[in-house]
Amino acid sequence: MRNQYQDKLARLRESFPDPSRADKRLVPYFEQALAAAQKQKNNSPIVGTYEPIDYDAACHARITAKGISKEAIVALLAGYCEGSVIPSHPLTQRNIVSPATIPSLLGGLYTGLYDPNLCWDEYSQRFALAEVEVAAMVADLVGYQSQHSGGLFTFGGVGTVFYGVKVGLEKAAPNTTTKGVQGQVAVLAGEGSHYCRYIVCNWLGIGIDNLTIVPADDDFSMNKEQLRQQLTTCLRAGKRVACIIATVGTTDSFGLDDLAQIAAVRDEVCAEFHLPYKIHIHADAVIGWAWAMFNDYDFKDNPLSLPMLQELQQASARVCQLQHADSLGIDFHKTGFTPYVSSMVLFKRKQDLQTLVRPQKQAPYLFQFGDYRPGMLTMEGTRAGNGVLAALANLKLFGKDGFRVLLAHLVAMAQTFRQELLATGKAAIINPACVGSVTLFRLYPDRMTPDFAAELTQSERLLTINHYNWQLFDQLHTEAMTGNAPVLSSVDACMHSDHNDPVLALKAFIISPFTDTQAVKATVAKIMAIKAKVDAMPATKDLLCSQDW
Ligand SMILES: *Cc1c(COP(=O)(O)O)cnc(C)c1O
């Protein structure tokens, strides 16, 4: 007679993949899960139905004494997918969330089965090989020498910026590892750089007050003269400059910093002040890196018959300068078509990372042997392998040509979107000089002629149109969540006016390979239909009646 304990243990074992029998026993559960996902698809960008979440009720969740079946768990988990947005849907244009390829999903499956930990090759075995290979491929792609460079996967694009600034900090103010940050340290970042500049300066103990924002030009790239001035001001004040954060592909506008110029300014200023260290340049290329696939494309003969040659070449002219950065960040989950999280920081010189190495005795149960022990310097303890495998899968799956075709398509669709929008006569593009796949735009009431330049000098006009666009977005978003409209997003302050007022813009980020001309036209048509509704609202009439533009 088996007792409860033995009975339950036997059944619990069935919840795990059998250590020696075929993992095919997993298949029915995957099939059940995928069938459930299939049922939740309804041609709209929304999975199942979107409903407001009762967080108060969620606070009363409890663990029950008895568990439930695996089948019941599958159904339960499927329920948590309801209301999600399908990244590959042609009308999903919300943000830089790329749909994941089928092979990249297998990265999650295999790492789930074996749980490699990239801290040390004792725990990661050949997954470590994949990390080194991906780092080498990307190094070669961007123009680093792969035998001298070093790359690590980390916890997201924010993590990559952490690494860049931390290493720069150690160069500018040595021994922060042991003594903490001493004296005043500065970090410079472009106006369009990601908000993680605040996180990084905060959590590294540099302090947000020591972050200097360098104004941007009309193309949303860092102004070179302003950079020189701000650098000089910081150094004159006796600060040590830990890092210049350049951005290659800003999040909202696809601004591309000119790294050759930034490096030249850095070199001149370092020489002028006889600095005992070289100011570190980190290129936050989490979005723009993929355009490096065009570094060696033959634009003249265009063997792939790509559309948008001029736009691609224009972006490529900036992205091909990534080699001037001392380190750079890459998000495969942004423009590499992998699932979250797949981010790599890459250092031009791997010895830059040596400053971060900790004594082995700090982790006495690890690192006693082996050839690959990145865990001795990483911020993380455990580093999962799924991002690495997913990145490798897509680099191999697409090759350069695959990326080229996908990017050309996204850019072509973004350009079509802009043309369709402008053809309505009721819109302005805020980032016309940026030739990626993201568009920032504003719409105008029927009785008004769009004149964005005028708004930049007239506070009241700008703020009124901000409000109008917010109302429009609110309507659009409400309809989108019911599955009846494209899913876009809005940015409260994509730039600032001459009076330092925030400019609100709607944002369409085209990132699905399934988005085609028809989807783009449907998107613009829906936006205009919602605009007509907003124009007819009494509140809009009130808003505008006192104005005479
Ligand atoms: C998205 C983004 C980040 C942050 O990356 P996560 O992967 O979200 O952590 C950093 N920089 C830029 C330019 C980004 O677009």
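Trainee: How many salt bridges does the structure hold?
Mentor: This is a predicted model, in which local features need pLDDT of at least 70, side-chain atom pairs count only at pLDDT 80 or more, and totals for chains, interfaces and linings use all residues. Residues are numbered from 1 along each chain as its sequence is written, and side-chain values use heavy atoms, with hydrogens and water left out. With a salt bridge taken as a side-chain nitrogen of Lys or Arg within 4 Å of a carboxyl oxygen of Asp or Glu, the structure's count is 22.

Trainee: Which residue forms a salt bridge with Arg-318?
Mentor: Side chains of opposite charge can pair when their charged atoms come close. For Arg-318 the closest N and O atoms of the pair are 3.7 Å apart, and the partner is Asp-258.

Trainee: Which N or O atom of a side chain is 2.9 Å from an oxygen atom of the ligand?
Mentor: A polar contact is here a pair of N or O atoms within 3.5 Å; within protein, one must be able to donate a hydrogen and the other to accept it, and residues adjacent in sequence count only if both atoms are side-chain atoms. Ligand oxygen atoms also lie 3.0 Å from a polar backbone atom of Val-158 and 3.1 Å from a polar side-chain atom of Lys-334. The atom at 2.9 Å belongs to the side chain of Asp-331.

Trainee: What percentage of the ligand's exposed area does the protein bury?
Mentor: Accessible areas come from the Shrake-Rupley method with a 1.4 Å probe. Taken alone, the ligand exposes 380 Å², and the part buried by the protein is 85%.
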